[in-house]
Amino acid sequence: MSFMPSGTVYGVLLNFRAEVEALAPQMAQPPYKAPPQAPVLYVKPANTWSASGASIPVPARVPEVEVGASIAMVMGEAGVVAGYVLMNDLSIPHVSFFRPPVKFKCLDGFHGIGQQLVPASEAGDPSSFTLEVRINGELKQAVSFSQLVRPADQLLADVGEFMTLRAGDVLMLGCDLGRPLARAGDQIDITAPGFGTLSNTLVREAT
């Protein structure tokens with residue numbers, strides 16, 4: 001049986017060093033004038049969830065979507081990580097990543113979810129995770145989770161300072177800079193050692 005979340009799915013921004021470095025000049029500008037001190041989270045609600053193998057509709061007004069490949073922690077009881085799962089956090093390309101607008105990130109089907117939950121006891125150190133993104137079979141991005149600003153344990157602890165994650169909740173580790181673009185008709189494959197493949201095909205939304 002394929003994995004699907006039973007709680008809330010949270011994304012995290014600015015958790016890869018390259019992205020923080022690239023956006024550092026913007027962080028110094030009003031209204032914030034400084035980098036965020038706590039993790040910046042957002043929600044991918046249930047209407048966005050697409051199982052691996054599902055077709056994801058893209059509105060006719062949207063020429064391209066951004067592929068946000070990530071690995072996420074799935075919470076168990078008592079604040080312990082039960083396991084990890086591949087995720088594809090799709091969004092309409094937009095300028096600001098400080099407060100991601102719902103209309104760009106929360107479209108129906110815009111979140112691919114890996115079919116395999118890898119138990120924490122088998123997954124190994126999250127800092128050693130790597131993944132690759134292929135579009136129509138062509139390698140478009142390689143990600144190393146050794147480049148996280150907040151490694152998994154620290155991210156979990158820092159989020160716990162201001163909110164409680166419950167059993168079944170899901171917390172993505174972040175999406176690296178260089179997110180590839182895809183369009184209707186493309187097949188997106190995200191692979192990671194030990195996780196299998198998360199595959200989704202983009203289709204033009206029916207009018």
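Which residues does Leu-139 touch, not counting residues up to four places away in sequence? In this predicted model, Leu-139 touches Glu-132, Val-133 and Arg-134. Leu-139 itself has its place in strand E11. Pro-180 is 41 residues away from Leu-139 along the chain, and the C-alpha atoms of the two are separated by 9.9 Å.

The sheet around strand E11 comes next. Five strands make up an open sheet with mixed pairing, and their order is E4-E15-E14-E10-E11. Strands E4 (55-58) and E11 (138-144) stand at the edges; each has a single partner strand, so one side of each is left without a neighbour in the sheet. On average, neighbouring strands of this sheet are turned by 20° against each other, direction ignored. An antiparallel case here is the pair formed by strand E10 (residues 130-135) and strand E14 (residues 187-192), which four bridges join. Within strand E14, Asp-189 stands opposite Arg-134.

Most residues other than glycine have a negative phi. Asn-136, in the loop between E10 and E11, has a positive phi near 55°. Leu-14 also has a positive phi, near 55°, and lies in the loop between strand E1 (9-13) and helix H1 (17-27). Is Leu-14 buried or exposed? Its relative accessibility is 8%, so Leu-14 counts as buried.

In soluble globular proteins, nonpolar side chains tend to be buried together. The largest nonpolar core in this model contains 42 residues, and those with the most contacts inside it are Ile-71, Met-73, Leu-131, Phe-145 and Ile-190. Elements giving two or more residues to this core include the strands E1, E4, E6 (69-75), E7 (81-89), E10, E14 and E15 (196-204), together with helix H4 (152-160). A second, separate core has 15 residues, among them Val-40, Trp-49, Ala-72 and Val-85.

Note on methods
Residues numbered from 1 in each chain as written. Predicted model: local features only at pLDDT ≥ 70, side-chain atom pairs only at ≥ 80, totals over all residues. Heavy atoms only, no water. Pairing = 2+ DSSP bridges. Axes fitted to C-alpha atoms, helices over the stretch in contact; angles between N-to-C directions. Contact = heavy atoms within 4.5 Å. Buried < 20%, exposed > 50% of the residue type's maximum accessible area, 1.4 Å probe, protein only. Core = buried A, V, L, I, M, F, W, Y, C linked by side-chain atoms within 4.5 Å.
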